[in-house]
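Please keep the sequence and the model in view while reading.

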Amino acid sequence: MTRPRILVVGAGFAGVECVRRLERRLSPGEADITLVTPVSYQLYLPLLPQVASGVLTPQSIALSLRRSTKYRTRIIPGGAIGVDLRAKVCVIRTITDRVVDEPYDYIVLAPGSVTRTFDIPGLVDHAFGLKTLAEAAYIRDHVISQLDLADASDDPAERAARLQFVVVGGGYAGTETAACLQRLTHAAVQRYPRLDQSLIKWHLIDIAPKLMPELGDKLGRSAQEYLRRRGVEISLGVSVSRAGPEQVVLTDGRVVPTHTLIWTAGVVASPLIATLGADTVKGRLAVTAEMTLPGYDGVFALGDSAAVPDLDKGDGAVCPPTAQHATRQGRQAADNLIAALRGRPMRPYRHRDLGLVVDLGGKDAVARPLGLELHGLPAQVVTRGYHLAAMRTNVAKTRVATNWLLNAVAGDDFVRTGFQSRRPATLKDSEYVHAYLTPEQVREYVAREHSGRP
Ligand SMILES: Cc1cc2nc3c(=O)[nH]c(=O)nc-3n(C[C@H](O)[C@H](O)[C@H](O)COP(=O)(O)OP(=O)(O)OC[C@H]3O[C@@H](n4cnc5c(N)ncnc54)[C@H](O)[C@@H]3O)c2cc1C
């Protein structure tokens with residue numbers, strides 16, 4: 001008898017947690033497990049702003065998928081570009097650009113999300129995103145290169161433009177990014193005696209009336225205060241109306257001369273979800289509380305790409321796209337898949353939100369663990385402790401803790417690596433949103449490839 005084939009798509013918080021649980025709870029004879037992922041690590045995204053600001057090295061938040069000899073999952077290096085749910089076949093583009101297909105009996109869809117963009121002229125051509133390790137490493141080099149170029153220039157207008165930086169998105173990702181990078185440039189500029197420090201200006205922009213509304217009024221104001229004290233100019237109720245290589249035009253009419261636009265204005269589900277032709281809620285796959293797809297057998301979806309009902313909140317709410325939920329959904333989806341395999345009942349996903357932690361660099365932080373409002377050093381201790389506890393492997397925890405210690409003792413370093421310096425890394429270049437097939441193309445491909453097969 002052949003073993004059931006389980007295919008997991010995406011090696012993020014949800015996918016890796018699910019795979020590890022399946023490996024632990026299923027005997028090798030019970031099922032074959034395969035994982036499709038373009039990269040060979042799980043990225044700890046919440047610390048990406050600290051990679052962008054050079055506090056952490058890129059490797060410290062890239063958790064290897066091959067850390068243990070106990071891991072028995074077969075890994076296909078590539079990305080799923082379509083799924084035919086009726087034929088139970090996933091179409092994959094490998095990292096060498098070969099298109100292959102992978103039949104499955106059970107599929108776990110956890111491809112996460114991509115940066116949400118809008119139809120703003122010039123946006124995808126000129127803005128940088130912060131969703132991948134490459135983008136974070138690129139942003140760090142780019143920001144330091146602006147200081148180098150401003151320092152070398154005798155043109156006051158060029159100097160001023162290179163020393164202005166715009167971050168769009170007042171959620172935790174954007175706020176942390178602006179805060180951490182402002183600290184980097186503030187420390188770096190001391191090493192550039194020719195530069196006028198007062199020219200360095202960070203802008204944090206959001207269309208919403210508040211920063212990080214999920215933190216509550218008091219902590220939101222605290223975060224704002226930390227940033228204002230450091231000279232970050234916060235503009236609320238404002239967005240970008242046009243982006244160019246040397247300036248950004250805001251919706252209130254202001255023109256900011258800049259070579260740096262960092263776009264962290266939210267996420268949308270991976271384009272893979274649209275290839276399924278199934279129901280969605282604001283782009284996320286509409287699944288049950290058990291994380292199954294109604295009407296299809298053996299399909300599970302979770303994490304940022306799925307709208308999993310939030311039973312704790314009730315009232316039709318869906319879980320927000322956070323690592324906290326994705327990790328726990330990964331475990332529960334594995335248990336439910338095993339239950340389906342063994343003919344047992346599944347359990348709905350339920351999790352009470354543990355709160356939010358926001359690292360603004362140095363001793364500045366705000367946190368709301370279990371409803372308790374903290375700021376300053378106590379918040380920073382909770383924030384860093386939370387990240388260390390949440391990271392999957394001890395080696396990653398040690399790398400991150402060592403980096404923090406080194407940074408606290410020796411300060412920032414301002415090396416520009418030159419890595420990818422001649423390759424563009426804007427939203428258009430970094431997030432492969434056009435690689436996917438349409439539902440019709442998926443069906444045609446599968447019908448063609450499988451027509452002659454027994
Ligand atoms: C800068 C930043 C800061 C954040 N801070 C926090 C925080 O403090 N707390 C918190 O709870 N959450 C935070 N988040 C959100 C959190 O990171 C996400 O909610 C979480 O990563 C979602 O997990 P996931 O498994 O669904 O997706 P991901 O972790 O994004 O994983 C998706 C995986 O799928 C892979 N993939 C993508 N497309 C395909 C494909 N077609 N085929 C195969 N594989 C594919 C990707 O390479 C990736 O490995 C932050 C996010 C960002 C960007």
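The axes of helix 4 (residues 133-152) and helix 6 come within 11 Å and cross at roughly 30 degrees. Axes are lines fitted to C-alpha atoms, for helices over the stretch in contact, and angles run from 0 to 180 degrees between N-to-C directions. Helices (H or I, at least four residues) and strands (E, at least two) are DSSP runs, numbered from the N terminus. The model is predicted: local features need pLDDT of at least 70, side-chain atom pairs count only at pLDDT 80 or more, and totals for chains, interfaces and linings use all residues. Residue numbers start from 1 along each chain, as its sequence is written.

Helix 4 passes helix 6 in a right-handed crossing; a crossing is right-handed if the near helix is turned clockwise from the far one by less than a right angle, and left-handed if anticlockwise. V143, I144 and L147 of helix 4 meet L181, L184, T185 and A188 of helix 6, where contact requires C-beta atoms, placed from the backbone, within 7 Å. This contact has 6 nonpolar residues, 1 polar and no charged. Ala, Val, Leu, Ile, Met, Phe, Trp, Tyr, Cys and Pro count as nonpolar, Asp, Glu, Lys and Arg as charged, and the others, Gly among them, as polar.

A second pair is formed by helix 1 (residues 13-25) and helix 8 (residues 323-341), which pack at about 35 degrees with axes 7 Å apart. Their crossing is also right-handed. The contact comprises 11 nonpolar, 4 polar and 5 charged residues.

| Helix pair | Angle | Axis distance |
|---|---|---|
| helix 4 and helix 6 | roughly 30 degrees | within 11 Å |
| helix 1 and helix 8 | about 35 degrees | 7 Å |

Which residues come nearest to the ligand? Of the 35 residues around the ligand, they are G10, G12, G112, G303 and T322; a residue counts as near if its C-beta atom, placed from the backbone, lies within 6 Å. Elements giving two or more residues to this shell include helix 1, helix 6 and helix 8. The shell contains 22 nonpolar, 11 polar and 2 charged residues, and each domain provides at least three residues.

Methods: Domain bounds come from an automatic or database domain assignment. Two residues are in contact if their C-beta atoms, placed from the backbone, lie within 7 Å.
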